[in-house]
Every structure is written in C-alpha cells, then in structure tokens.
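Visitor: I would like to learn how to read a helix pair and a metal site. Where do we begin?

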Amino acid sequence: MSPVIVEAVAAFQDNYIWLARGASESRCLAIDPGEAAPVLDYLQHRGLTLGAILITHHHPDHTGGIAALKHHFDVPVYGPAQEPIPQRTHPVAEGDKIAACGLELSVVETPGHTLGHLSYTTQGAVFTGDTLFTAGCGRLFEGTPEQMLHSLKRIAALPDTTWVYCAHEYTLDNLRFARIVEPNNPRIRARMERETARRSRGEATVPAPLSVERDTNPFLRTRVDEVIQAAQRHAGRTLTSEAEIFAVLRSWKDEVDGLL
Ligand code: ZN
Ligand code: FE
C-alpha cells in the first residue's frame with residue numbers, strides 16, 4: 001500500500017483536525033472535524049476533495065463541522081456505534097475495517113474519556129482523539145480509570161514505529177505534569193526542551209512517536225517505580241493496583257490543571 005499522508009488543520013484554541021489520504025489520492029478523510037471552515041480551506045488550497053469523515057467521540061469540538069462539510073461533500077460519516085453522532089452513516093465498533101481515500105483503517109474501542117470513544121489505526125499511525133494525548137491522556141468524563149488504563153494499554157501495544165495523532169495541542173501542559181511526577185527523568189526534561197522550541201517556532205508537537213510516549217508519558221508509566229512512588233506520596237497511602245495508581249495520577253493532573 002502507498003504511504004499515508006497526514007496533515008493537521010488547527011481549529012478552535014487547540015484542536016487538530018487530521019486530514020489523511022493515500023499518496024496518490026485526491027480525496028482525504030477528515031478525522032474529528034469540529035469545524036468545517038479550516039477543512040474546506042485546506043481542501044481548496046490543495047485542490048483536494050473530501051472522501052470520508054471519521055469521528056472518535058461525540059463531543060462538539062470533534063463533531064461540530066460535520067453538517068457543514070456534508071453540505072459540500074456527500075461523504076460517509078464513520079463514528080462510534082455507541083454514541084450519538086450527527087449525520088453518522090456508518091456506525092463502527094471494535095475490529096471493523098474502513099477502506100477510504102486510499103487508506104485502510106482498523107477500529108479500536110478506547111473507552112474512558114467517553115464510553116464509546118474509538119481510535120483508528122492505519123499503517124504507522126493511530127488517531128487517538130481525546131484518549132491518549134501526547135505526554136498525557138484525556139479526562140475521565142464518562143468512563144472509569146480501569147477502562148481508560150485498558151484503552152491506553154491497547155494503544156501502547158501498537159508497534160514502536162507508530163505515530164500518535166491526538167486531537168489537541170496539550171503537550172507542554174502535559175510535560176509540566178510529567179516533570180512533577182518524575183523530576184529525575186532526563187527524557188522528560190529533554191522532551192520539554194525540544195517541544196518548547198517547536199512551540200516557540202509555531203510548530204505542532206503532534207504527532208509523536210509511540211516510543212517517545214512510552215518513555216515520557218506518566219499515564220503509560222504506571223508500572224515504573226518512580227511513578228508509583230510519586231502517586232503513593234501524593235495519595236498519602238499505599239496503592240496496590242495499577243488502576244489505583246492511574247486513578248491517582250489522573251485526579252492529580254485534574255487538580256493541577258490550569259496551575260502549571
Ligand atoms: Zn472530548
Ligand atoms: Fe476534545
């Protein structure tokens with residue numbers, strides 16, 4: 001199969017809408033188009049058309065542009081069977097395959113942020129919506145810590161060469177938290193420097209290689225001694241399961257959000 005082309009379109013404050021296609025394709029699929037205008041601009045400037053819409057979950061910053069895009073392009077809309085998605089034509093679930101725009105994608109159920117949240121994998125890429133963020137993970141709006149931990153583990157089990165395409169630019173915030181959890185991890189410090197430089201040049205820090213996530217994302221490191229000890233210190237008690245450690249990290253991050 002031909003290589004994948006994936007490009008970002010920025011929306012709202014910090015959302016990324018991903019546009020993906022096979023190398024010889026003039027049709028793209030749009031993942032989580034919360035807004036239509038930036039997608040339409042992108043297509044027009046490159047002489048491309050829309051071939052499909054993929055949705056990870058029902059939040060408006062991921063679905064708000066569907067109606068306006070459908071007005072211009074009568075394309076299939078794939079989305080979680082378990083969630084209300086406007087104008088969805090193809091409800092999809094675990095293990096389903098999607099062939100569109102020269103790509104073949106697999107559906108992975110990744111509940112936690114929402115109960116029906118899906119991620120989509122294709123050659124060398126995973127579109128994680130608000131589940132795995134670069135250096136962090138989504139908030140638990142609907143699911144349990146156990147569900148989110150399991151979802152993150154499924155994503156983390158993909159091949160090392162996979163790139164993580166999440167739906168928000170949260171990397172620096174997430175790394176500030178990672179540094180509190182693991183102040184002695186040199187890879188977190190190095191990544192912080194690297195990503196800070198990219199942001200100051202106006203560049204996106206997404207996508208990131210899964211291997212980098214494993215080394216620096218505290219939510220993928222719930223079995224690392226330093227992380228366990230930091231979570232226990234924060235909780236003020238002994239934590240006996242990985243899900244408990246994850247739950248403490250997630251609520252700790254919620255506490256410090258906006259303060260870092
Ligand atoms: Zn969301
Ligand atoms: Fe979101």
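Guide: With the helices. This is a predicted model. Helix H8 covers residues 225–235 and helix H9 covers residues 242–256. They pack at an angle of about 65°, and their axes are 9 Å apart.

Visitor: Is the crossing of H8 and H9 left-handed or right-handed?

Guide: Look at how the near helix is turned from the far one: anticlockwise by less than a right angle counts as left-handed. H8 and H9 cross in the left-handed sense.

Visitor: Which residues of H8 and H9 meet?

Guide: From H8 come Val227, Ile228, Ala230, Ala231, His234 and Ala235. H9 supplies Ile245, Val248, Leu249, Trp252 and Glu255. By class, this contact has nine nonpolar residues, one polar and one charged.

Visitor: Now the metal. Which are the protein donors of the zinc ion (ligand 1)?

Guide: Start with the atoms. His57 gives NE2, His59 ND1, His113 NE2 and Asp130 OD. They lie 2.2 to 2.3 Å from the zinc ion. In sequence, the donor residues follow the spacing H-x1-H-x53-H-x16-D.

Visitor: Why is the site of the zinc ion (ligand 1) classed as irregular?

Guide: Four donors count as tetrahedral only if all angles lie between 85 and 135 degrees. Here the angles among the four donor atoms run from 86 to 174°, and the site is irregular.

Visitor: What does Asp130 bridge?

Guide: Asp130 bridges the zinc ion (ligand 1) and the iron ion (ligand 2), which lie 3.2 Å apart.

Visitor: And are His57 and His113 buried or exposed?

Guide: Both are buried.

Key. Residues numbered from 1 in each chain as written. Chains lettered and ligands numbered in written order. Predicted model: local features only at pLDDT ≥ 70, side-chain atom pairs only at ≥ 80, totals over all residues. Heavy atoms only, no water. Axes fitted to C-alpha atoms, helices over the stretch in contact; angles between N-to-C directions. Helix = DSSP H or I, 4+ residues; strand = E, 2+ residues; numbered from the N terminus. Contact = heavy atoms within 4.5 Å. Nonpolar A, V, L, I, M, F, W, Y, C, P; charged D, E, K, R; others polar. Donors = N, O, S within 2.8 Å, 3.2 Å for Na, K, Ca; no water. Tetrahedral: all angles 85-135°; square planar, octahedral: opposite > 155°, others 65-115°. Buried < 20%, exposed > 50% of the residue type's maximum accessible area, 1.4 Å probe, protein only.
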